[in-house]
Each structure stands twice: as structure tokens, then as C-alpha cells.
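Here is a short tour of one protein model, written for someone who likes to know the cut-offs behind each term. Please have the viewer ready.

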Amino acid sequence: MASDHAAYELKEIIKPYLIAKGYEVKDFGTDSTDSCDYADFGHPAARAVETGECDFGIAMCGSGNGIQITLNKHQGIRAALCWLPELGALAKQHNDANFLVLPGRFISEHLAKETVDAYLDATFEGGRHQRRVEKIPVEKL
């Protein structure tokens with residue numbers, strides 16, 4: 001998990017929720033509501049998923065946009081900004097998203113938990129979606 005100050009409180013709600021479901025959670029920060037930069041926590045979390053240290057990630061910032069953009073700079077990351085359960089499920093089913101991103105200032109606790117559940121319960125459908133996912137990485141020059 002990773003967040004900035006704007007989504008710290010939501011991260012601290014989702015973290016024990018995941019632990020109660022049996023997930024092992026690695027928290028890349030932040031550790032308070034003090035102003036900070038989402039990239040300082042997003043990059044280490046992205047590297048952990050890219051290297052296989054973590055199976056997937058859940059990240060958040062105020063709007064979700066900043067940390068999503070940061071995560072998606074990594075070639076092995078497919079971070080999806082989701083604010084509804086249907087979007088969380090589709091992110092995994094169609095895009096094989098390995099990061100769920102939540103907009104901390106624009107989602108209720110209840111809806112965030114439902115979106116997390118939908119993401120976690122979904123599986124990648126493959127097929128035509130696999131072909132599309134394979135076209136996402138940028139070719140090296």
C-alpha cells in the first residue's frame with residue numbers, strides 16, 4: 001500500500017480491512033497527514049510489485065491521479081484509478097491491473113471497501129484482453 005497525506009486516513013482504514021481478510025500488507029507510507037509527495041511512496045511500491053516482492057498494490061492520493069500517473073511510469077505496472085466496485089472489477093478483468101488506485105478525497109469508506117473487494121474478487125479474463133494488455137508497454141528505442 002502507498003498513499004500521500006491526503007489519503008493517509010483512508011489507507012489506515014483499508015490496511016486493517018485487508019489484514020482481517022487474511023492479506024499480508026506492506027505499507028510503503030506515508031505515516032501521517034503531514035504534507036508529502038505521493039511519488040516518494042508510489043515509486044517504491046511500484047518497484048515491489050514489478051520485482052514480485054508484492055503480488056499487487058493498492059495506492060491512493062487525494063484525487064488518485066498523481067499516484068496513478070507515478071505508478072504507471074513503471075513498465076511493469078498497470079495502475080487503474082477506480083471509485084466504483086464495477087470499475088475495480090473491470091480493471092482486473094479487462095486490464096489485468098496490478099495496482100488499484102483510490103481517490104482518497106472523493107470516495108467514502110464504504111465505497112472504497114466495496115471497490116477493494118470487487119478488485120480482489122475479480123480475475124483477469126485473458127482472451128482478447130490479453131492481446132490488448134500486451135500492447136501497453138512502450139517499446140525501448
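This is a predicted model: local features need pLDDT of at least 70, side-chain atom pairs count only at pLDDT 80 or more; totals for chains, interfaces and linings use all residues.

Residues are numbered from 1 along each chain as its sequence is written, and side-chain values use heavy atoms, with hydrogens and water left out.

**The sheet**

Let us start with the strands, which are DSSP runs (E, at least two residues) numbered from the N terminus, as are helices (H or I, at least four residues). Four strands form an open sheet in the order β1-β2-β4-β3, with parallel pairing. Its edge strands are β1 and β3, each of which pairs on one side only. Two strands pair if DSSP finds at least two bridges between them. The two pairings of β4 look like this:

How many residues of β4 are buried? In this strand (residues 99-103), five of five are buried, where buried means under 20% relative accessible area, exposed over 50% and partly exposed in between, with a 1.4 Å probe and protein chains only. Phe 99, Val 101 and Pro 103 point one way from β4, while Leu 100 and Leu 102 point the other way.

**A residue in an edge strand**

Ser 3 belongs to strand β1. Ser 3 counts as buried because its relative accessibility is 0%. Leaving aside residues up to four places away in sequence, Ser 3 touches Tyr 8, Lys 11, Gly 29, Thr 30, Phe 41, Met 60 and Ile 67; contact means heavy atoms within 4.5 Å.

**The helix pair**

Helix α1 (residues 8-20) and helix α5 (residues 109-121) have axes that come within 11 Å and cross at roughly 45°. The axes are lines fitted to C-alpha atoms over the stretch in contact, and angles run from 0 to 180 degrees between N-to-C directions. That angle makes α1 oblique to α5, since under 35 degrees is roughly parallel, over 145 roughly antiparallel, 65 to 115 roughly perpendicular and the rest oblique.

On the α1 side, Leu 10, Ile 13, Ile 14, Tyr 17 and Leu 18 meet Glu 109, Ala 112, Lys 113, Val 116, Asp 117 and Leu 120 in α5.
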